[in-house]
Amino acid sequence: MKKLEILHKIIESGVVAVIRADNAEKAKKIVAAVKAGGISAIEVTMTVPGAIDVIKELANYKDSDIVLGVGSVLDPETARAAILAGAEYVVSPHLNPEVIKLCNRYQIPCMVGGATPTEVVEALEAGVDIIKVFPGEVVGPKFIKAVRGPIPQAPMMPTGGVALDNVKDWFAAGAVAVGVGGALTAGAKTGDYNLVTETARQFVAKFKEATGNK
């Protein structure tokens, strides 16, 4: 039941904040900033130094409205370590059936990368919950629209290439949510976390506008 609740929260949030940073402290500041901007789905990537410890700390203190996930997961060992630390969903840039199998074993939502119809179908057959359309900037919104013609049952979420000016295009093409990294967190590079918060608010507004969710 918890798995369904988490998936519902991710889709309800509409925007997944992809957190990348040079160190753990910056990562935690970015998380606080996007939360303040109204984004409730947080993905801490394994490229953050000490990512597992960051996830563990956030899991201990997060409020119930936040769904905390782990990204850039390349193997089942990493997925399990993150789940034990408190990750509530797992995101991978590629299709690894063993990662999907492990997530299903523990009933943790899993999103794996797919950028071809073959990868989309293979991911669905392996039991994935959402297809991570990656890299989004390469395939574009038209990819989702095209794939959903013959495979309308595929739930897809682009990551990479999602910006304020194309959020509407992704949802119009059939995305169930969007993953946003650099376009959301750019302010953190100069220490402007207020800008991160404001940008998060703008992404939330764009999502609501695109889906009619007022």
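Rings of Phe, Tyr and Trp (its six-membered ring) are taken as an aromatic pair if their centres lie within 6.5 Å, with planes under 30 degrees apart counted as stacked, over 60 as edge-to-face and the rest as tilted. The centres of the Phe171 and Phe207 rings are 5.3 Å apart and the planes stand at 50°, so the pair is tilted. Phe171 belongs to helix H9 and Phe207 to helix H11, so the pair ties together parts that are 36 residues apart in sequence. Helices (H or I, at least four residues) and strands (E, at least two) are DSSP runs, numbered from the N terminus. Phe171 and Phe207 are both buried, where buried means under 20% relative accessible area, exposed over 50%, and partly exposed in between (1.4 Å probe, protein chains only).

The model is predicted: local features need pLDDT of at least 70, side-chain atom pairs count only at pLDDT 80 or more, and totals for chains, interfaces and linings use all residues. Residues are numbered from 1 along each chain as its sequence is written, and side-chain values use heavy atoms, with hydrogens and water left out.

The interior may be considered next. A nonpolar core is a set of buried Ala, Val, Leu, Ile, Met, Phe, Trp, Tyr and Cys residues joined through side-chain atoms within 4.5 Å. The largest such core has 61 residues, and those with the most contacts inside it are Val34, Ile42, Val44 and Val90. Helix H11 (residues 193-211) gives the most to this core, contributing six residues. A second, separate core of 12 residues includes Leu7, Val67, Met111 and Ala177. Contact means heavy atoms within 4.5 Å; leaving out residues up to four places away in sequence, Val90 touches residues including Val70, Ile83, Cys103 and Met111.

Glu43, in strand S2 (residues 41-45), is buried yet has no salt bridge, and the nearest side chain of opposite charge, Lys132, is 4.5 Å away. Beyond its neighbours within four places in sequence, Glu43 is in contact with several residues, among them Val16, Val18, Gly69, Ser72 and Tyr89. Asn166 occupies the loop between strand S7 (156-158) and helix H9 (167-173). With a relative accessible area of 15%, Asn166 is buried, and its side chain reaches the backbone oxygen of Gly161 at 2.8 Å.

Side chains of opposite charge can pair when their charged atoms come close. A salt bridge is a side-chain nitrogen of Lys or Arg within 4 Å of a carboxyl oxygen of Asp or Glu, and the structure holds six of them. In one, the closest N and O atoms of Glu57 and Lys28 are 2.9 Å apart. Glu57 lies in helix H3 (residues 51-61) and Lys28 in helix H2 (residues 24-36), so this pair ties together parts that are 29 residues apart in sequence. Glu57 is partly exposed at 36% relative accessible area, whereas Lys28, at 19%, counts as buried. In another, Lys101 and Glu98 meet at 3.6 Å, N to O; both lie in helix H5 (residues 97-105), three residues apart, about one turn of the helix. Salt bridges that share partners join Glu25, Lys28 and Glu57 into one network.

Terms used. Polar contact = N/O pair within 3.5 Å; in protein donor to acceptor, adjacent residues only side chain to side chain. Lys, Arg positive; Asp, Glu negative; His and termini not counted.
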